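Hi,

Here's the structure I promised to pass along.

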Amino acid sequence: MASAIDHEMMSRALQLARKGLYTTMPNPRVGCVIMKDGEIVGEGFHERSGESHAEVHALNMAGDKAEGATAYVTLEPCSHFGRTPPCAEALIKAKVERVVAAMEDPNPLVSGRGMNRLRDAGILVESGVLEAQAKALNPGFIKKMVSGQPYVRLKLAMSLDGRTAMESGESQWITGPAARSEVQQLRAQSGAVITGVGSILQDNSSLTVRAEELGLPDAEKLARKQPLRVVLDSFLKTPVDANVVTGPGKVLIVCTDQAEQNRQAELEAAGAEVLRLPSNAGQVDLQALMSELARRDCLEVLLETGATLAGAAVKEGLVDELIVFMAPVLMGSAARPLLTMPFQSMSEKLDLNITDIRAIGGDWKVTATFKEKTDN
């Protein structure tokens, strides 16, 4: 049974893992603490894909003190050779006495094998300590391993009366600088940011991570790794000189088979990648898009778009998390709604679990997930 010390050390390991929030993609965020005789002798976190895992950093710090120690890891130590050697073997070689893992690795190549390898070597193994917190740290990695799909966050900004833009489409800026900084951070931790061509034509959105708005240490460094910018543009209306095309990083413009080949060639000459996907009622098939993004290791996806595409994604059950920034303004009944979902009866409503509400500058940030539908 886990002790108070186990919880304290795992909490520290989770703190360390969070340091990789913006840098480990597509690998999971993992932290490790090694304790011996009541003292932390080693700790570390996974910093970047392809580099040493958290356990290796912690073992290097601990040195000979790792022998007979307890290692606390936020994710089951890997047991297979990838771009780095297996961490389970490193822990065995260091002669640790006990390993406490927050959760089992959902990766079929690892799941349970790492812990079994440790047990076979005579090491005491426990798991499940602060498991919920560990899972919350890696939603995209877990969902990809379980379902082959990315974790999708839908970001929306609205007035107090639930409006997102004036009737003309004018929307800058509903929320204040602190909320916009939070959005930059959401982009920075995402593998891809998706919008519709309407947002490009209306606002000439860039969808980039901007260092000056991140509000984080090492902002310049973090902004060098841009998420994949994805524009849903069934008939390739995106201008070749649009900010989303000419900005730093890669842009993927997704169309249907009805799009003109000449327009595709023009966009590709401007530096964009054009991808044709199946259509669904004349629009890009969103399910096919999500599968493609998961294949490209975009494990956490941010949807930043208008009411129509946002409503379609929600109706298709593709959104895992809803993040709404609410500004203390009223925009009137003629302004555009948050989501285009023309329900006809109360039985169609979607129930939410609000997981977090907090003030962000002068605005409010509401985070929610969708409740499963039940028959009444």
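Where is the place of Arg 187? Arg 187 sits in helix 7, residues 177–188 (helices are DSSP runs of H or I with at least four residues, strands are runs of E with at least two, and both are numbered from the N terminus).

Before you dig in: this is a predicted model, so local features need pLDDT of at least 70 and side-chain atom pairs count only at pLDDT 80 or more, while totals for chains, interfaces and linings use all residues. Residues are numbered from 1 along each chain as its sequence is written, and side-chain values use heavy atoms, with hydrogens and water left out.

Back to Arg 187: its relative accessible area is 8%, so it is buried (under 20%; exposed is over 50% and partly exposed lies in between, with a 1.4 Å probe and protein chains only). Leaving aside residues up to four places away in sequence, Arg 187 touches Val 193, Leu 207, Thr 208, Val 209, Arg 210, Pro 227, Leu 302 and Glu 304 (contact means heavy atoms within 4.5 Å).

As for the whole protein, it has 14 helices and 18 strands. Its radius of gyration is 23 Å, close to the 21 Å from the globule rule for 376 residues, so it is as compact as a globular protein of that length (taken over C-alpha atoms; the rule is 2.2 Å times the number of residues to the power 0.38). The C-alpha atoms fill a box of roughly 70 × 45 × 45 Å along the principal axes. Of the 376 residues, 50% count as buried. Among contacts between residues at least 6 apart in sequence, 68% join residues at least 24 apart.

Cheers
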